Amino acid sequence: MPYKWFDRNLKWIYVLPAVAFVLIMMLFPILYTVRISFFEWSMSAITPPKWVGLDNYLSLLRDERFWRATRSTLYFTVVALVIEVVLGVAIAVLLSREFRGKNLVKTVFLLPMVATPVAMGLVWLLIYEPTIGAANLLLESIGLKPLLWLASPVQAIPSLIVVDVWQWTPMIALIVMAGLATIPSEPYEAADVDGAGRWRKFTAITLPLLKPTILVAAMLRLIDVLKTFDIIYATTQGGPNLATETLNIYGYVLGFQYFKLGTASALLVLFFALVMGLTLLLVWLRKRVEGQYD
Amino acid sequence: MTRRKRTARLILGLLTFLVLLAFAFPFVWMLLASFKTQSQIMSTDQLLSFKPTLANYTSVFGEHDFLGYMINSLIVGVGSTAFALLLGLPAAYAIARYHLHRLGLVILVARIIPGITFLIPWFILFSQVKLVDTYTALILSHMLVGLPFIIWIMISFFEALPKEIEEAGLIDGCNRHQVFLRVILPISGPGMITASLLSFIFSWNNFMFSIILSGEKTKPLPVAVFNFMSYAEINWGALMAAACIITLPVLIIALLAQRYVVNGLAAGAVKG
């Protein structure tokens, strides 16, 4: 009899441990974060958390540093995402033909994605080092003036975008390559009959058919670019002059360096809303695009 | 072949080579610098031809407890992957077989939420029960990264298995639980390899959770190498040697199991 009961409820017994784990490790912390965002507390055992209502949120909205971090996050995210998608599609198309050494290229492509981000951040720190780094050696060898890269408040975010592009363009390229492989050859044959050129075939056939794939890749990437932490913290820790302090970094600094747990939690709630909002926007966009084909 | 076509091919080949070079360059630079002395790194006339030294590697293992950090990373990586498989495999099977996709969605939300949102409550909680700087805290936190990936990958794998296999098992007198253990799991090797490799790589690379939840006893590699930097003058050679040591195991995994890793990374996208 117990066997039968076990068998009948098998699906619940199977999912229960995983769901319980996720709820305890995820849902509880989220609720706790929301709760603590209405309190003032510095993790002291003597002074208990003090209820301050919406004060944490209001002080954030008046905090110039918060708005700066929001702008940096959006700047970093939008520019990196656009470059990665355009470059990723271009590289996928470039690699879609058959040639010798294709597997080698695909292998090299995989490496930036899986290599430990902190270690890679340190490598880029050396590449960007103004006096001995490879970046300035390259500029000088082609007759350009050296730059300050990560040491300059203006150039720091673009420099970090380069690192992110190096790390993650391959992911977009690999996804788009998988998408390219599923496109049938008939439309191209028809276009050949019509005498269409390469560019025309790309814009009229390849791109429209790839649109859903590209949107999925962009969505996955968007979620992760917004949350970029490792390469920023390993190289600049938000500096110079807070120039590279994104919301993720500011939240970390508020929580674990200043121990302003209430304010940090309020920031994380807002940050979470931003990530959710932008993700839903892309989901909606994707639905619309897919709707066009129904 | 016409002349125009030949030129086009040449340009495409050149472009491919440039792309390859750009993506491989940081690795080459890291490897070269790890065999240079500080003064060789400082002088820009010894870029490619220099007398290699192993001093950086001996200093990393000699002056720092790098082997200990490596063991920490290994324990947390293997531990979190094993427990995530234990929870994830049955869950993925049930979701795939009984179409509980809404539950699958709940678990995927873990990927969307910024990890730092969990970190403050975890830190408070783990401090109160004295779990900061223990493998338990690190394994639990890393599981939250690995578990969604394992479930995600295994759902598509289980869905692709033909139903007849299970039915044959049921006719042979197995109950459903036995079918899962004795029929399904033994043929799920490829999916499990993909899922475990990715889960291990994510744990090995994890920095944000580890920097808060680890301490002197449990410090894993990414945190250890980051702490190298806090010294007054950066010893670039040793830093690059450390970076090589951290990255090498992941790169070897990726090279040996390239097909699996690509499948895993693309799995989320293809299914959408």
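Student: Where is the place of A:F259?

Tutor: A:F259 sits in the loop between α12 and α13 (261–291) of chain A, where helices (H or I, at least four residues) and strands (E, at least two) are DSSP runs numbered from the N terminus. Bear in mind that this is a predicted model, in which local features need pLDDT of at least 70 and side-chain atom pairs count only at pLDDT 80 or more, while totals for chains, interfaces and linings use all residues. Residues are numbered from 1 along each chain as its sequence is written, and chains are lettered from A and ligands numbered from 1 in the order in which they are written.

Student: What phi does A:F259 have?

Tutor: A:F259 has a positive phi of about 55°, although it is not a glycine. Most residues other than glycine have a negative phi.

Student: And does A:F259 count as buried or exposed?

Tutor: A:F259 counts as exposed, because it has 12 C-beta neighbours inside 10 Å. The cut-offs are 20 or more other C-beta atoms within 10 Å for buried, 12 or fewer for exposed, and partly exposed in between, with C-beta atoms placed from the backbone.

Student: Which loop holds A:N241, and what is its phi?

Tutor: A:N241 lies in the loop between α11 (230–235) and α12 (247–256) of chain A, and this non-glycine residue also has a positive phi of about 55°. A:N241 counts as exposed, with 10 C-beta neighbours inside 10 Å.

Student: What is A:V123 in contact with, away from its sequence neighbours?

Tutor: Leaving aside neighbours within four places in sequence, A:V123 is in contact (C-beta atoms, placed from the backbone, within 7 Å) with B:P26, B:W29, B:M30, B:M240 and B:A243. A:V123 is also among the residues with the most contacts inside the largest nonpolar core, which has 158 residues; such a core is a set of buried Ala, Val, Leu, Ile, Met, Phe, Trp, Tyr and Cys residues joined through C-beta atoms within 7 Å. Helix α7 (residues 135–160) of chain B gives the most to this core, with 16 residues.

Student: How many residues of chain B are in contact with chain A?

Tutor: There are 75 residues of chain B in contact with 73 residues of chain A. Helix α1 (residues 3–34) of chain B gives the most to the side of chain B that touches chain A, with 12 residues.

Student: Finally, what helices and strands does each chain have?

Tutor: Chain A has 13 helices and 2 strands, whereas chain B has 14 helices and 0 strands. Chain B has a radius of gyration of 23 Å, well over the 19 Å that the globule rule gives for 272 residues, so it is more spread out than a compact globule; the radius is taken over C-alpha atoms, and the rule is 2.2 Å times the number of residues to the power 0.38. Buried residues make up 41% of chain A and 44% of chain B.

Technical notes. Two residues are in contact if their C-beta atoms, placed from the backbone, lie within 7 Å.
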